[in-house]
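Visitor: I would like to learn how to read contacts between side chains. Please show me the model before we start.

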Amino acid sequence: MSQDALVALGRDHLYPNYRQPPFVIVRGEGSRLWDASGKQYFDLFAGIAVSTLGHAHPALAAAVAEQAKQLVHLSNYFYNQPNVELAAKLTQLTGMARVFFCNSGTEAIEATLKLARRHYYAKGEKDRYRIIAFDNAFHGRTLGALAATGQPKYKDGFGPLPGVTHVPFGNVERVRQEMGPDVAGILVEAVQGEGGVLPAPAGFLQALRDIVDEAGALLLADEIQTGVGRTGKFLGFQQAGVKPDVVALAKGLAGGVPIGAMLCIEHLAEALPPGSHGSTFGGNPLASAAALAVLRTIEQEKLLENVEARGAQLAERLGALGSKYPKLVASARGRGLLQALVLKDEVDARDVLGKLQDAGVLVTIAGGQALRVSPPLNITAAELGAALDIVDRVLGALP
Ligand SMILES: *Cc1c(COP(=O)(O)O)cnc(C)c1O
């Protein structure tokens, strides 16, 4: 079927809640993708910070193929080998003690919120369920995670969404004002991803740690976008040297195979007893084997070091683009391989995104005006350089 025919089929039959451009990606290798007409694109978005190892990585392909020949699904009624090995590995990488597996980020957040509520319920504090979260935060699309999300564009029309108080990101004083004996936890991203790639200000995560410790509440880390090495450490919180009580992971954990995980300290192991929470697909051998391959490859190929080096290359280039195009670019910001070129308010970001696609570079827009760059963690210096040359050319050709 031709590319145009495939696009027409999608337009006619997919639910129209996205705005796909008129091409169909059929294949990838490393940080490059090709559409059905044979055109090549540099992948600077990695499927929304998901394709940790890029495309068609032999270790991930082999792990999925081998596991598919052994056992794809079993349910949590029984242990399975890749899953228990993955749980052990994740506790070692994060300093957490227990892992609950699910299939997406929003499910990891639901598990986090339910764990926090039920922890206090089990302790007899039945009115302690309120969560403090932040303006511009993104935590997912199911109703609980949506309640914690701090952006009207995701929430309008789906209310009421009670139980969460939002305060400005970075404002310690406002967090203190909103704390009370009914607060179960503070939910926070180390870098607000969808909000526009906004790193937490220095000292902020530690201040939140101190506040919850004083109040006897929980620190809940949404590491769905920042985790699995994206900022240069396994967790974004590790950059700040702060240990949360709960960590939500998903996106890049299995390199593109759907997975989510809620990790917690041992103290919280009794909050969700058998029967109180679960997932049919969560922890299946296929996704677990994929995640193990991702974690092994991050170590074997020293990808955290690559994130540091490519992150520095990216920061320098984005900064230079800011100086070169001061009429278009407001700022550049981010950490590791989660960075953004923030366009001025008067620039039509969607138009720039389209022109980048035409020129063969795929990025995403976050928080309205930020062109988010979140490539595979194994992107090479040459690939990143070539892609940013194209970005430079496209910006230079804008009126
Ligand atoms: C993507 C994302 C989610 C939601 O993950 P899904 O897999 O889309 O449900 C939650 N929190 C953050 C920080 C995210 O980036």
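Visitor: Where do E66 and K69 lie, and how many residues apart are they?

Guide: First, the ground rules. The model is predicted, and local features need pLDDT of at least 70, side-chain atom pairs count only at pLDDT 80 or more, while totals for chains, interfaces and linings use all residues. Residues are numbered from 1 along each chain as its sequence is written, and side-chain values use heavy atoms, with hydrogens and water left out. Now the pair: E66 and K69 are in helix α3 (residues 58-70), three residues apart, so about one helical turn separates them. Helices (H or I, at least four residues) and strands (E, at least two) are DSSP runs, numbered from the N terminus.

Visitor: What joins E66 and K69?

Guide: Side chains of opposite charge can pair when their charged atoms come close. A salt bridge needs a side-chain nitrogen of Lys or Arg within 4 Å of a carboxyl oxygen of Asp or Glu. E66 and K69 form one, with their closest N and O atoms 3.2 Å apart.

Visitor: Is R130 buried or exposed?

Guide: R130 counts as buried because its relative accessibility is 16%.

Visitor: What is the distance between the closest N and O atoms of D213 and R209?

Guide: In that salt bridge, the distance is 2.7 Å. Both residues belong to helix α9 (residues 204-215), four residues apart, or about one turn of the helix. R209 is buried at 11% relative accessibility, whereas D213 is partly exposed at 48%. Salt bridges with shared partners join R209, D213 and D245 into one network.

Visitor: Now the ligand. Which residues surround the ligand?

Guide: To be near a molecule, a residue must have a heavy atom within 4 Å of it. The residues around the ligand are S104, G105, T106, F138, H139, G140, E189, D222, I224, Q225 and K251.

Visitor: What distance separates a polar side-chain atom of K251 from an oxygen atom of the ligand?

Guide: That distance is 2.6 Å. Q225 has a side-chain N or O atom 2.7 Å from an oxygen atom of the ligand. In the case of D222, a side-chain N or O atom lies 2.7 Å from a nitrogen atom of the ligand. On its own the ligand has 380 Å² of accessible area, and the protein covers 83% of this. Such areas come from the Shrake-Rupley method with a 1.4 Å probe; for residues, only the protein chains shown count as cover.

Visitor: One last site. Where does N76 lie?

Guide: N76 is in the loop between α3 and α4 (81-94). Its relative accessible area is 45%, so N76 is partly exposed. N76 and A254 are 178 residues apart along the chain, and 18 Å separates their C-alpha atoms.

How values were computed: Buried < 20%, exposed > 50% of the residue type's maximum accessible area, 1.4 Å probe, protein only. Polar contact = N/O pair within 3.5 Å; in protein donor to acceptor, adjacent residues only side chain to side chain.
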